[in-house]
Amino acid sequence: MTPGRPAAARFAVVGNPDNRRVALFADAVRAAGLPGPRLVPWADVLRDGGADFAPDEIVRLDSPGEDAHVDRLLRGADDPTRVEGSARWYTAFTSAVRGLRGGLRLDDPDDLAVLFDKRRCHAVLAAAGMPVPASPTSGPGAPPVRGWDDVRALMREHRMPRLFVKLAHGSSASGVLAVESAGGGRIRATTSVELAPDGRLFNSLRIRRYTDERQIAVVVDALAPDGLHLERWLPKASQRGRAADLRVVVVDGRATHAVVRTSASPLTNLHLGGRRGDLAEARAAVESAGVRWTDVLAVCERAAACFPRTLCVGVDLLPAVGWRRVAVGEVNAFGDLLPLLTGLPGSGAEGRDTYAAQVAAALRRHGPTSAPGSPDPLDVDDPNDPHGKHHPLHPHPHDTRTGSAHAIA
C-alpha cells in the first residue's frame, strides 16, 4: 500500500441533507462499490464554526444552496429569493470552509475564495493568459464600483456600450444585468432581478427588461454595497437562432462533460428559460470554422489548471460569432449539476455522469493503491475517439498545437 493512502476508501461530503447534489454524489459513491459518504450538514458547520474529518476520509464540499435555513445563516436574509447579502454570504462561506479540519480534501479553501469572487477569478485567469472578456474591475487594483454613476463612467472610459454588471459574489445569474446603451442616451438592462415597489430586490425566474435609466440606477445602487464586477459583453455564437454558450466540466484536469446552453435572452442559465442545445451541432460548427474541438476543450482545461487543488470545476465558455474564437466567462466551483449527462468521447468518463467521474478521479488521487498494471480509471483508450489517449492533456508527440489553436486564444 502507498504510504498515506487508506486501505479502503471512504468519503465524506459537506452538503445540505435532501439536496439532489448530495444524493447524486452518494449514488455515485455507492455505485463504485463503496459505502455511502458520511454527510456533514452545512448548518452544523456554520453553527459549530467548522468540522473535523479523519485523516483518511476523502472530503467533498457541495453547494450550500437550496436550503432556506442555511441561506439565512450565510446571508442573514429572511427571504431566500432576496438578491442582497452576497458579500455577507461570501464572508460566512469562506470562513466556514476554513473551519474544516483534516481529511483528504477535493476542494481547496484558497481556490474557493478566488472562485467565489468574480473580480479575483477574472484577474487570475487573465494573468494566466486565458481569453477573458475585458474588465475594468478585475484584480485588487481595480476601482470600486459604488453605484450606477460609476458604472456609467467606466462604460465611457473603457468604451463599453454593452457590458454585464455582476455581483462579485453572485451565482446562478443572481443580480446579473446585461446592459446596452444606444444613441440619444437610450439604455436597456436585461436581468432576472425584480425591483419591488419598496425598493427591495428579488430573484425571479422571469427575465425582465428595464428601459428607464432611473430604475436601472436604483437596482445597481442597491447591489453595489455587495461588490460589483463589470465585463465587456461579447457577441456570442448562435444555434438555431438562439444565443449559445457552453458549460464544460473539468475533472482532475480533463474536460469530461459538456453541454450547450441556448437562450432567447443574453442570460443562458437553464433555470431562467435557457435550453440545452445540440453539442454535436456545436462541435460541427467549431470544426467547420477550422478549429479543432480538442483545442476548445483545452481552453477549459487551462482555465481549470488555474485552480489545481480543486478536483472539479465548471467552465462557462463563450463562443464568438462564427464559432472560431472562444472566451472564458466564468469558472464555477459547483458547476457539475448536469443530471443524466454522460462523459465526452475520449475523456475517460464515457458512460459516467459528472459525479461518477469525480468519484473515479478522487479514488485515483486518494484511494487505495491500484493493483499493478490496472488501468487508470480516467486514462483509457476509447475506440470511438480518433485521438485515443492523445487527449489535450496528453498530446500526440507530433502535435505542435499551432495553427488553428491560435484561432481560439
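In what follows, a contact means heavy atoms within 4.5 Å. By that criterion, among contacts in this protein between residues at least 6 apart in sequence, 65% join residues at least 24 apart. The model is a predicted one: local features need pLDDT of at least 70, side-chain atom pairs count only at pLDDT 80 or more, and totals for chains, interfaces and linings use all residues. Residues are numbered from 1 along each chain as its sequence is written, and side-chain values use heavy atoms, with hydrogens and water left out.

Let me turn to the overall architecture. The protein has 11 helices and 15 strands; these are DSSP runs numbered from the N terminus, with helices being H or I of at least four residues and strands being E of at least two. Of its 409 residues, 54% count as buried. Here buried means under 20% relative accessible area, exposed means over 50%, and partly exposed lies in between, with a 1.4 Å probe and protein chains only. The accessible surface comes to about 17500 Å², and carbon and sulfur atoms account for 52% of that surface. These areas come from the Shrake-Rupley method with a 1.4 Å probe, and for residues only the protein chains shown count as cover.

Next, the interior. In soluble globular proteins, nonpolar side chains tend to be buried together. I use the term nonpolar core for a set of buried Ala, Val, Leu, Ile, Met, Phe, Trp, Tyr and Cys residues joined through side-chain atoms within 4.5 Å. The largest such core has 57 residues, of which Val14, Trp42, Phe93, Leu125, Val328 and Val331 touch the most other members. Helix α10, residues 293-304, gives the most to this core, with 7 residues. What is leucine 125 in contact with, leaving aside its neighbours within four places in sequence? Its partners are Met130, Val132, Ala303, Cys306, Phe307, Val328 and Val331.

I come now to the aromatic residues. A search of the whole structure finds 8 aromatic pairs. Rings of Phe, Tyr and Trp (its six-membered ring) pair if their centres lie within 6.5 Å; planes under 30 degrees apart count as stacked, over 60 as edge-to-face and the rest as tilted. Tryptophan 42 and phenylalanine 93 form a tilted pair, because their ring planes stand at 50°, with the centres 5.5 Å apart. Tryptophan 42 lies in helix α2 (residues 42-48) and phenylalanine 93 in helix α4 (residues 86-98), so this pair ties together parts that are 51 residues apart in sequence. Tryptophan 42 counts as buried at 1% relative accessibility, and phenylalanine 93 counts as buried at 0%.

The pair of phenylalanine 164 and tryptophan 233 is also tilted, since the planes are at 50°; the ring centres are 5.2 Å apart. Phenylalanine 164 belongs to strand β5 (residues 162-167) and tryptophan 233 to the loop between β9 (228-232) and β10 (238-239), so the pair ties together parts 69 residues apart in sequence. Phenylalanine 164 is buried at 14% relative accessibility, as is tryptophan 233 at 12%. Over the ring of tryptophan 233 sits the charged end of arginine 162, 3.8 Å from its centre. A charge sits over a ring if NZ of Lys or CZ of Arg is within 6 Å of the ring centre and within 35 degrees of the ring normal. Arginine 82, in turn, lies over the face of phenylalanine 202, at 5.7 Å from the ring centre. One aromatic cluster is formed by Trp42, Trp89, Phe93, Phe116 and Phe334.

On the cysteines: how many disulfides does a search of the whole structure find? The count is 0, where a disulfide is a pair of cysteine sulfur atoms within 2.5 Å. For cysteine 306, the nearest cysteine sulfur, that of cysteine 121, is 8.0 Å away.

Finally, some loop positions. Glutamate 66 has a positive phi of about 65° although it is not a glycine. Glutamate 66 is found in the loop between β3 (51-61) and α3 (68-75) and is exposed, with a relative accessible area of 58%. Alanine 173, likewise not a glycine, has a positive phi of about 70°. Its place is the loop between β5 and β6 (177-181). Is alanine 173 buried or exposed? It is buried, with a relative accessible area of 9%.

Glycine 227 sits in the loop between α8 (213-223) and β9. The C-alpha atoms of glycine 227 and lysine 166, 61 residues apart along the chain, are separated by 8.6 Å.
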